[in-house]
Amino acid sequence: MAHDPRPLIELKSFLETLPEPHILFDRDYRILAANSAYRQANDVTHSVIGRTCYEVSHHYSVPCDQAGESCPLARSLESGQRERVLHLHHTPKGEAYVNIELSPVRDAAGEVAFFVEKMEPLKVARGLSDRAGLVGRAPRFQAMLGLLARVAPSEATVLLQGESGTGKELVANALHEASHRADRPFIAVDCSGLPETLFESELFGHERGAFTGATARKPGLVEVASGGTLFIDEVGDIPLGMQVKLLRLLETGTYRRVGATELRTADIRVVSATHRSLREMVDEGRFRQDLYYRLNTFPIEVPALRDRAEDIPLLATAMLARVAPSRTLRLSPAVLRCLSAYGFPGNVRELRNILERASLMCDGEEIGLEHLPPGLCDAPLTAPIRTLASKDGRDTADLAGMERRALQAALAEHHGNRRQLAARLGVSERTLYRKLKAHGLAGRPAPDAGG
């Protein structure tokens, strides 16, 4: 479809004035213009003009919505409005999450003819291994990041909900880094470690002589966090008597030091976190309803590691570089299979502990099953069970039966020895033998000379 070139010239000229990366493309996804900010950010050494946006940004051969992702162009054509999504883009520095804001441009007849796409990198997250920030690609992880990207530029109070060990403080820090307060302090207070007698003093500070032992004036964490973000971890552990004072801080932005009459003003953003169900605590009378609604302005669920199991290899590789930064360590395929099949009740914190121990146990460059904690790979063969269940459509509730069928399928496909099969399944040879024996399959395959 031919277009009047004059509006295109004006649009291209306008894009060049914008400080953020922008591209202009048509309804067929063909890029018509890319401003200088885009060219600099993406280190463009060859022209992207005439190429499709999905091929340049994703290396796809089909549009995003045909490759399992949300396509802002398709959504904009349907709604006729501006659309926002979070995408994982290929960049010169690897894969990175990017906030996409796509606006339709109509022609003289009122039909949508072009699209202007603004791209803002989400610096706190990476799709691939990175030594800082959040790491992951799973759908649940991306959904969390999408909410994070939306709320970060605002001043809204955020409540992070998730099991212990999921990395809620890291998410809170990422939220701070993506906000307008990033150059100011990020201060964390762990409510579970504070006795009630010290909580008020720790949060609001105290005057000299306010209580026994108060030999000098002390600013509280609210004051230390001035201009920045106050992260209140395990907010469900705050004593009822203190909850009303926290509510007053949130509603009025004011507080008093212990022992003082002067009213002070707080310039902070509050992000809180809990592994408890605050809704249930409200129903039981253990948490104030008004405080719950004030904290729950923008809730974000931080997924358990088992709910983003496809991220385990990615996380493990990235975390290994963090726990042993001076070494070049890698995980064996068997270890990756074992970790992917493990349930991780302790979530990301447990994964980090496992890798830290393994790095200390390993003298070489490759971490093997022998370097993992004893019994870690003794759990049911959940990965083979999942694979088999997806093939035959059976209910995974019968774990014993599913495990036996998974082992039978593995035996039928395997032509090596028991040690090789154990490595393939990501379990120890001893564990494999015990499971084969339990299911009456111990006669196959034949052990090797060393087994």
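Where is the place of histidine 59? Histidine 59 sits in the loop between α3 (53–58) and α4 (72–79); the notes below take up this residue and several others.

1. Basis. This is a predicted model, in which local features need pLDDT of at least 70 and side-chain atom pairs count only at pLDDT 80 or more, while totals for chains, interfaces and linings use all residues. Residues are numbered from 1 along each chain as its sequence is written, and side-chain values use heavy atoms, with hydrogens and water left out. Helices (H or I, at least four residues) and strands (E, at least two) are DSSP runs, numbered from the N terminus.

2. Histidine 59. This residue has a positive phi of about 60 degrees although it is not a glycine. Its relative accessibility is 53%, so histidine 59 counts as exposed. Buried means under 20% relative accessible area, exposed over 50%, and partly exposed in between (1.4 Å probe, protein chains only).

3. Tyrosine 29. Here too a residue other than glycine has a positive phi, near 70 degrees. Tyrosine 29 belongs to the loop between β1 (22–26) and β2 (31–34). With a relative accessible area of 15%, tyrosine 29 is buried.

4. Helices α7 and α9. The axes of α7 (residues 196–204) and α9 (residues 240–252) come within 11 Å and cross at roughly 15 degrees. α7 is therefore roughly parallel to α9. Axes are lines fitted to C-alpha atoms, for helices over the stretch in contact, and angles run from 0 to 180 degrees between N-to-C directions. Angles under 35 degrees count as roughly parallel, over 145 as roughly antiparallel, 65 to 115 as roughly perpendicular and the rest as oblique.

5. The α7 and α9 contact. Phe199, Glu200, Leu203 and Phe204 of α7 meet Met242, Lys245, Leu246 and Leu249 of α9, where contact means heavy atoms within 4.5 Å. These residues divide into six nonpolar, no polar and two charged. Ala, Val, Leu, Ile, Met, Phe, Trp, Tyr, Cys and Pro count as nonpolar, Asp, Glu, Lys and Arg as charged, and the others, Gly among them, as polar.

6. The nonpolar cores. A nonpolar core is a set of buried Ala, Val, Leu, Ile, Met, Phe, Trp, Tyr and Cys residues joined through side-chain atoms within 4.5 Å. The largest one has 31 residues, and Val222, Leu230, Ile232 and Leu246 have the most contacts inside it. Among the elements that give two or more residues to this core are β8 (186–190), α8 (221–224) and β11 (229–233). The largest share, five residues, comes from α9. A second, separate core of 29 residues includes Ala316, Ala318, Val323 and Phe344.

7. Valine 222. Apart from its neighbours within four places in sequence, valine 222 is in contact with Leu203, Phe204, Leu230, Leu249, Tyr255, Ala266 and Ile268.

8. Valine 348. This residue lies in helix α14 (residues 347–361) and, at 16% relative accessibility, counts as buried. The C-alpha atoms of valine 348 and leucine 305 are separated by 6.3 Å, with the two residues 43 residues apart along the chain. Leaving aside neighbours within four places in sequence, the contacts of valine 348 are Gly165, Thr166, Leu305, Leu315 and Met319.

9. Helices α12 and α14. The axes of α12 (residues 312–323) and α14 come within 9 Å and cross at roughly 55 degrees, so the two helices are oblique to each other. The residues in contact include Leu315, Ala316 and Met319 of α12 and Val348, Leu351 and Arg352 of α14. The contact of α12 with α14 divides into eight nonpolar, one polar and three charged residues.
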